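Student: I have a protein model open on my screen and would like to learn how to read it. Could you take me through it feature by feature?

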Amino acid sequence: MKSKLTITVDSDLIPVAKRFARSRGVSLSAVIEQALREATEETGETGASFVAKWRGAFKLDPEDYPKDDPRFDYLARKYLT
């Protein structure tokens, strides 16, 4: 569902932004919406959680694993697999 939003921007930016949107064949609203989506995805505000984005990204050498550490074993199972 779409909702109306009022924003305030520099008056010099409005014609430039409208030309930008027109050159891409979309509305100014669509340009702003996409920019907000991208900005919030980068900060983790929407979409996958921080953990989901990074799960599996770090690999440890088995020799680096602490031996017989139940806390490490739990966290490794939860976040590294």
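Student: Where is confidence lowest, and where is it highest?

Tutor: The score to look at is pLDDT, the predictor's confidence in each residue, from 0 to 100. Where pLDDT is low, the predicted coordinates should not be read in detail. Here the protein has a mean of 83, with 89% of its residues at 70 or more. Helix H3 (residues 50–54) has the lowest confidence, a mean of 72, and H1 has the highest, at 95.

Student: How many helices and strands does the protein have?

Tutor: Helices (H or I, at least four residues) and strands (E, at least two) are DSSP runs, numbered from the N terminus. This protein has four helices and zero strands, giving the pattern α-α-α-α along the sequence.

Student: What share of the residues is buried?

Tutor: Buried means under 20% relative accessible area, exposed means over 50%, and partly exposed lies in between (1.4 Å probe, protein chains only). In this protein of 81 residues, 7% are buried. Accessible areas come from the Shrake-Rupley method with a 1.4 Å probe, and for residues only the protein chains shown count as cover. The protein exposes about 7400 Å², of which carbon and sulfur atoms supply 58%.

Student: How many salt bridges does the structure hold?

Tutor: A salt bridge is a side-chain nitrogen of Lys or Arg within 4 Å of a carboxyl oxygen of Asp or Glu. The structure holds three. One pairs Glu33 with Lys2, their closest N and O atoms lying 2.8 Å apart. That pair links distant parts of the chain, since Glu33 is in helix H2 and Lys2 is in the segment before H1, 31 residues away. Lys2 is exposed, at 65% relative accessible area, whereas Glu33 is partly exposed, at 28%.

Student: What is the volume of the largest pocket?

Tutor: Rolling a probe the size of a water molecule over the atoms shows where empty space is left. On a 1 Å grid over the protein atoms alone, a pocket is an open set of points where a 1.4 Å probe fits, with protein on both sides within 12 Å along at least five of seven lines; lining residues have an atom within 4 Å of a point. Grid points are joined across faces, edges and corners, and a volume is the space filled by probe spheres set on the points. Here the largest pocket has about 550 Å³. Among its 16 lining residues, Leu5, Ile7, Leu28, Ser29 and Ile32 are the closest to the centre.

Student: Which element gives the largest share of the lining?

Tutor: H2 does, with six residues.

How values were computed:
Residues are numbered from 1 along each chain as its sequence is written. This is a predicted model: local features need pLDDT of at least 70, side-chain atom pairs count only at pLDDT 80 or more; totals for chains, interfaces and linings use all residues. Side-chain values use heavy atoms; hydrogens and water are left out.
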